[in-house]
Amino acid sequence: MQDTMRWGKIVLVCTLALIVFFVARGQLQSAQKQLSEEETALRIQQANLNEEQVSLEAQIALVGTDSYVESRAREDYQFIKPGEMRFQFENPEELYAYSDEEARILEEAMGE
């Protein structure tokens, strides 16, 4: 009788240990998946920041050069050189055959 009780206790302890093991394993896998997703997001963010850094370093190298000052003056202040003419369109959308919305509708219709 005591042998049966002893084996029953051993089976109960083993069963509880297995349950605890599988619950902990599930939690660890969930945490690992979450950390893996976070790592992927951080790697993407790092790549974007590296690209931005390269772009900014290139821009810093250009700042102060004559071509940079001229391009900023032309873009920001609409400066023109003597003898040049500037064209300003009142309705630039009229230069295109279709508006963006009309072009999208046409593309959808052609795709069907």
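The model is predicted, so local features need pLDDT of at least 70 and side-chain atom pairs count only at pLDDT 80 or more, while totals for chains, interfaces and linings use all residues. Residues are numbered from 1 along each chain as its sequence is written, and side-chain values use heavy atoms, without hydrogens and water.

I begin with confidence. The chain has a mean pLDDT (the predictor's confidence in each residue, from 0 to 100) of 87. Helix 1, residues 2-62, has the highest confidence, at 92, and helix 3, residues 100-111, the lowest, at a mean of 81. Helices here are DSSP runs (H or I, at least four residues), numbered from the N terminus.

I turn to the aromatic rings. The whole structure holds two aromatic pairs. Rings of Phe, Tyr and Trp (its six-membered ring) pair if their centres lie within 6.5 Å; planes under 30 degrees apart count as stacked, over 60 as edge-to-face and the rest as tilted. Because their planes stand at 70°, with centres 5.2 Å apart, Phe21 and Phe22 are edge-to-face. Tyr77 and Phe79 form a tilted pair, at 5.9 Å and 45°.

Finally, salt bridges: a side-chain nitrogen of Lys or Arg within 4 Å of a carboxyl oxygen of Asp or Glu. The count is eight. Glu108 lies four residues from Arg104, about one turn of the helix. Elsewhere, Glu70, Arg74, Lys81 and Glu84 are linked in a network of salt bridges.

How values were computed. Helices (H or I, at least four residues) and strands (E, at least two) are DSSP runs, numbered from the N terminus.
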